[in-house]
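I set out here what I looked up in one structure, entry by entry. Each entry takes up one topic.

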Amino acid sequence: MLSVAVSSLVAVLAAVEFAIAATPVISAVGSKFFTSDGDQFYIKGAINAPWVSSLWEYLTNAGLPRSSGIAYQLIPTDPLVDTDQCKRDAKQMQDLGANAIRVYHVDPKAEHTGCMEAFSDVGIYLFVDLDDFPTQIQPSQFTAFSAVLDEFQKYPNTAGVFVGNEVLTTADTSGAAPYVKAAVRDMKAYRDSKGYRKIPIGYSAADVPGLRPMLQNYLACGDKDAERAEFYSLNVYEWCGESSYEGSGYSELEKNTTGYNIPIFVSETGCREPRPRLFGDQASILGEDMADTWSGTMVYEWIQETNDYGLISYGPMVDPKVSTEALDGYPRSGTPTTVSPDYGNLKSQWATLSPSGVKLSAYSASASISPPACPTSTEGGWIVNGNAPLPRLGQSLDSAATASSDGSTPTGSAPQASASATGGGTTAGNKEVTGMVMGLLGVMLGFVTYL
């Protein structure tokens, strides 16, 4: 009997593995994402990032920056463990027209196969943040990051991982950039040393005008491929209400990224005010204005909660003292009910937008994109000087890396990133601070060179 049971279990596991393995994997080639079938991949995703008060207090008391993120974070710990809920949401996301989700926090020790298969079954890919939130800041972030990569590298519909979200939130925090780039370097080295497929590793930035285009160019520049990010994304809340490609500033975003050497996409968007939410920017990002350069967009956010950005809800509010699962009074599970007119407006936009892009065979034969020049320091602005050596564990930044334009050099470690309540360089979106963040201190202390 035991041998029969074991044989049955092996057969079931093999069937699950086969079902998931049938999903084409995503790779970054030059400035674009491609599936293993050779088709260019454009992101249509949604976001969700609720918090519990204890975690909020932890970030505040630790003095770390706070920021926010279809992202898909129904609960603070890990939304990818409830297979039945994932199946319900995946079906609704398929109706919306989504092909990707972003998850800001997961438990690498949990079982994720059911949820990952549920999303794979409807053609939805995952972009996951490697960030985690220990009870104290200590030199262990590398271990925490690598544990998440270890877990999710085995799923073909893992499309990419973020080493950080909005670490730099104001123009005067550019000194943190080398630590972000060092995190990219170390996670790429770890991935390759383990023989994992080359899951793209990148960064999600706040839209800070004072950092454009220096930060995006810095993370993609240099003569060492091992140190360059494999994608860059931007949390943008500029196109609000009845706006336009020129009036919103999107034309400047496109101007700054033309000829960029790695994939770039919008990792958060969707102004809450004015109402109704029209999502007019989708036609530019996924249309003729930007689709040649940008690889898609993720809309904030999936579930309705206090900040009032939700595309769906799981029913009426309840007393959080009675239902602890509801957190802020909004249920975190159940049958998705669409929020009108936001859900319908986004669905209508996406229904008309299906950029075909270019085939990998044609792109590979003609693509020749060089990295941008590394930005140099400027007085009162960007302080990272060119392609200086990246920091390692226990090091403050090489003095040559942050030489100011008058020749002086700052002392100590990189500046502390400040909090951002908008998720970007503008306040038009009135976006509340509800998302995930990688503490700068954790980056400085936690990363080691693996090799």
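**Basis.** I note that this is a predicted model, in which local features need pLDDT of at least 70 and side-chain atom pairs count only at pLDDT 80 or more, while totals for chains, interfaces and linings use all residues. Residues are numbered from 1 along each chain as its sequence is written, and side-chain values use heavy atoms, with hydrogens and water left out. For names of elements I follow DSSP runs numbered from the N terminus: helices are H or I of at least four residues, and strands are E of at least two.

**Helix pair.** I looked up helix α3 (residues 83–96) and helix α10 (residues 342–351), whose axes come within 9 Å and cross at roughly 60°. This makes α3 oblique to α10. Axes are lines fitted to C-alpha atoms, for helices over the stretch in contact, and angles between N-to-C directions run from 0 to 180 degrees. Under 35 degrees counts as roughly parallel, over 145 as roughly antiparallel, 65 to 115 as roughly perpendicular, and the rest as oblique. From α3, Q92, D95 and L96 meet Y343, L346, K347 and W350 of α10; contact means heavy atoms within 4.5 Å. I find 4 nonpolar, 1 polar and 2 charged residues in the contact of α3 with α10. Here Ala, Val, Leu, Ile, Met, Phe, Trp, Tyr, Cys and Pro count as nonpolar, Asp, Glu, Lys and Arg as charged, and the others, Gly among them, as polar.

**Disulfides.** How many disulfides are there by the distance rule? I record 3, a disulfide being a pair of cysteine sulfur atoms within 2.5 Å. The link of C86 and C115 is right-handed, with 85° about the S-S bond.

**Backbone.** Most residues other than glycine have a negative phi, and most peptide bonds are trans. I noted a cis peptide bond between R212 and P213, with omega about -15°. P213 lies in the loop between β7 (201–206) and α7 (214–220). The peptide bond from E273 to P274 is also cis, with omega near -5°. P274 is placed in the loop between β9 (264–269) and α9 (281–285). F279 is likewise in the loop between β9 and α9, and its phi is positive, near 55°.
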